[in-house]
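My notes follow in the order in which I made them.

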Amino acid sequence: MTPLRLYNRLFSLYGQQGWWPVKCEFDGRGYHPGKFGLPATKKGKFEVCMGAILTQNTSWIQVEKALNNLFAAKINSPEKILKTDSETIATLITPAGYRNQKTTYLKNIAQWFANNSQLSILNSQLETIRCNLLTVKGVGRETADSILLYAFHLPTFVIDTYTKRTLAAFKIFDEKTDYETLRKWFMNGLKPSVELFQEYHALFVEHGKSMRS
């Protein structure tokens, strides 16, 4: 099965997803089907960065609780994250788990965000900026690709547990296949498209959740 054929099959099952949620730019929980221009603001882009850190090893429902706490406290910009003491942030993000570790990671991504303008990111080669982002402690491949694809609209493919689970179910790859092998399969098998890559990853999430239930 080709990557495109699998995409068409999943899309026929679930339709548009509107992922990654951007609460500060779209009403409700932030899902925005068909609106691929979001996030369009610095605030929205950093919200995606925070979510990508907070969602490590936890469910999105718990991430939403943590993000709601940060927004309520008006600690939702890189400047505010860097200026706020770690204990305050840790308390606010408790619902997402690993509070102390993720506080450090939030401060790390805030510093990276502050040091890199959107213009410099968009003018860099994808693999160059990806390598740069991967040097940030707390940012692994999945987190880096999520940030680049959803916050900065760069065509990189995100591989997560749901992706691996689905590919294994369709007997395309073993669930233990390494990240870069899977990413390369999608990147080489599809035309680079932010819209396609975003929707595809969201469909894997939706299908993975249905497999789990």
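I began with helix α9, residues 141-151, and found that 9 of its 11 residues are buried, so this helix is largely enclosed by the rest of the structure. For these notes, buried means under 20% relative accessible area, exposed means over 50%, and partly exposed lies in between, with a 1.4 Å probe and protein chains only. Helices are DSSP runs of H or I with at least four residues, strands are runs of E with at least two, and both are numbered from the N terminus. I listed the buried residues of α9 as Thr143, Ala144, Asp145, Ser146, Ile147, Leu148, Leu149, Tyr150 and Ala151.

I noted before going on that this is a predicted model, in which local features need pLDDT of at least 70 and side-chain atom pairs count only at pLDDT 80 or more, while totals for chains, interfaces and linings use all residues. Residues are numbered from 1 along each chain as its sequence is written, and side-chain values use heavy atoms, with hydrogens and water left out.

Which residue just after α9 takes a positive phi? I found that it is His153, at about 55°, although His153 is not a glycine. His153 lies in the loop between α9 and α10 (161-169), and it is partly exposed, with a relative accessible area of 23%.

I then looked up Tyr98, which also has a positive phi, of about 50°, without being a glycine. Tyr98 sits in the loop between α5 (86-92) and α6 (99-115), and it is exposed, with a relative accessible area of 51%. I also checked Tyr98 against Phe46, which is 52 residues away along the chain, and their C-alpha atoms are separated by 20 Å.

For the core, I used sets of buried Ala, Val, Leu, Ile, Met, Phe, Trp, Tyr and Cys residues joined through side-chain atoms within 4.5 Å. The largest nonpolar core has 59 residues, of which Leu54, Ile109, Trp112, Leu133, Phe152 and Tyr200 touch the most other members.

Last, I recorded the whole chain, which has 12 helices and 0 strands. Its radius of gyration is 17 Å, close to the 17 Å that the globule rule gives for 213 residues, so the chain is as compact as a globular protein of that length; the radius is taken over C-alpha atoms, and the rule is 2.2 Å times the number of residues to the power 0.38. The C-alpha atoms fill a box of roughly 50 × 40 × 30 Å along the principal axes, and 47% of the 213 residues count as buried. Among contacts between residues at least 6 apart in sequence, 62% join residues at least 24 apart.

Note on methods: Contact means heavy atoms within 4.5 Å.
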